[in-house]
Structure formats: structure tokens, C-alpha cells
Amino acid sequence: RINMTFKLDPHIHSCYSSDCLTKIEDIIKKSTRLGLNIIGISDHNTIEGSKKAIDLTKNNEDLLVIPSIEISTIDGHMLGFGVEEEIPKGLTPEETIEKIHEANGLAIVPHPYCFYRHGLLSKLGHAKIDIDAIEEKNARFLIGYSNNKAKKLTKKLKLPGLGSSDAHYVDFIGDCYSEIDCQMNIDSVLKAIKKGKVKAKGNGTSNILLAKYLINKNFKKNTR
């Protein structure tokens, strides 16, 4: 079969993350409306949202959901992309990567240099860990310093660089994404990332809209 270029957002949060309220059904609707072909529900330390999204799209030929999880290591966050089982939080990055690889997933570092959002490489040297890819374009940024640093690292290490929204609110889905040359199945997507057949795309989430969302979220939390 011939590979095609698809739009992938590998890092979306749902209401199964403690800091997000977005329903899985709304993520699926929004992703479809935006013309995304492949998504990953990468919730904090749980695969429940990912499992539900996979179940809801099992007969959907237009949207492929890749199993995923964002794991809190002792030094920062790590995506287990393609992982179908829960990996415990609080392990070292090395232990976490080992478990991701044992589960046939890819170890991807999200927002690597964003120190105020548990960026793994802001605390840990890259030479110490056997990662498969780096999120070089995370849509949630203020001035772009962290993303620029991540992009330089992907070139230096010759690692694949991904774009993703890291959306914690439905309207931010797809603000950054990846173009990927693959077929519409999990194995092909993972292999394409590993081979570097991806390009980071998108302009990022508006800081004004992000500020409004954060203020609204905190207001709702404080009035519960």
C-alpha cells in the first residue's frame, strides 16, 4: 500500500486528565471538523481516556486514535505513544523509557525545555536517555524559546521532531500538529515517526485565548 500524508495531533488531553474538562466525544468531533486524520489522547498518568476514544472510533475510517499516555517521571513528563497499558508515575526517565519500549511504544519528550510545565530536558541532560522523538512544536508557548531550543536539539541528535497542540481545551486542538507520511494504522504511524517521516506544523495557541481559558478554568475550580 502507498503511504499518504496525514495530519496528526499526538498530544491532546481529555477530562480523564485532572487539569482538563474536555469530553472525549467533543475531541472526536473537533478533530474531525478540523480535518485531523490521526490523534493521540495523552492524558496524565492514565490510559482510560485513550481507551474510550479508541472504542468510540473503532468504526470511524476518517479518524485513527493512537493509544497514548503522558507519564510523570521523577524528572519531568514523557509520552508513551502507542502504549496500551498504564505505566506507573514516579519512576526515573530511564525506567519509564524501558517500560514504554517493553510495551512497543515510542518514548517522546513533550515540551522538553518548558521548566514550568515539567519539561524533562530542562532538568535532565539529553545524553542520558534513549528517547525516540521530541516535541519540537508545542502549541502552548509564550515567546517560543523552549520550542526553538527543542528544534535545535532534534537537528543535533538527528531525532524526529513532532508538532502537537497539548490541548487542555477543545478549541486548542490542532493549533500545532504533525504532517506524517504513513498509512492509517497504528503500526505504520509508529514506524513513520521512528523513521522521521514527520514535520512539525502550526502557529500555536493564542496567548490571549489561553489566558482567558486559564482564568475561566480557575474561576470554575474556585466556585465548585
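**View 1. Residues I24, E25 and I28 of helix α1 meet G49, K52, A53 and L56 of helix α2.** Contact here means heavy atoms within 4.5 Å, and helices (H or I, at least four residues) and strands (E, at least two) are DSSP runs numbered from the N terminus. The model is a predicted one, in which local features need pLDDT of at least 70 and side-chain atom pairs count only at pLDDT 80 or more, whereas totals for chains, interfaces and linings use all residues. Residues are numbered from 1 along each chain as its sequence is written, and side-chain values use heavy atoms, with hydrogens and water left out. The axes of α1 (residues 24–34) and α2 (residues 48–56) come within 10 Å and cross at roughly 55 degrees, the axes being lines fitted to C-alpha atoms, for helices over the stretch in contact, with angles from 0 to 180 degrees between N-to-C directions. That angle makes α1 oblique to α2, on a scale where under 35 degrees is roughly parallel, over 145 roughly antiparallel, 65 to 115 roughly perpendicular and the rest oblique. The crossing of the two helices is right-handed, that is, the near helix is turned clockwise from the far one by less than a right angle.

**View 2. The buried residues of α1 are I24, I27, I28, K30 and S31.** Buried means under 20% relative accessible area, exposed over 50% and partly exposed in between (1.4 Å probe, protein chains only). The cover over these α1 residues includes strand β1 (4–12), strand β2 (38–41) and helix α2. Just after α1, G35 adopts a positive phi of about 85 degrees.

**View 3. An open sheet of five strands has the order β4-β5-β6-β7-β8, with mixed pairing.** Its edge strands, β4 (68–73) and β8 (161–164), each pair on one side only, where pairing requires that DSSP finds at least two bridges between the strands. From one strand to the next, the twist averages 35 degrees. Helix α4 (residues 145–157) lies across β7 (133–138) and β8, and runs at about 145 degrees to β7.

**View 4. Strand β5 is largely enclosed by the rest of the structure, since six of its six residues are buried.** With β4, which runs antiparallel to β5, there are six bridges, and a hairpin joins these two strands through two residues. Within that pair, I69 has G80 in β5 as its bridge partner. On the β6 side, β5 (residues 76–81) and β6 (residues 106–109) pair in the antiparallel sense over three bridges; the partner of F81 in β6 is L106, and that of L79 is I108.

**View 5. M78, I100, I129 and I131 touch the most other members of the largest nonpolar core, which has 21 residues.** Such a core is a set of buried Ala, Val, Leu, Ile, Met, Phe, Trp, Tyr and Cys residues joined through side-chain atoms within 4.5 Å. At least two residues of this core come from each of β4, α3 (93–102), β6 and α4. Leaving aside neighbours within four places in sequence, I100 is in contact with I71, M78, L79, G80, V83, I87, G105, L106 and A107. Apart from this core lies another, of 18 residues, which includes I38, L79, F81 and V198.

View 6. As background, most residues other than glycine have a negative phi. N104 belongs to the loop between α3 and β6, where it is exposed, with a relative accessible area of 62%. K158 sits in the loop between α4 and β8 and is likewise exposed, at a relative accessible area of 74%.

**View 7. S165, in the loop between β8 and β9 (176–182), is buried, with a relative accessible area of 0%.** Although S165 and D9 are 156 residues apart along the chain, their C-alpha atoms are separated by 6.5 Å. Not counting residues up to four places away in sequence, S165 touches D9, H11, I12, A139, R140, F172, I173, G174, D175 and C176.
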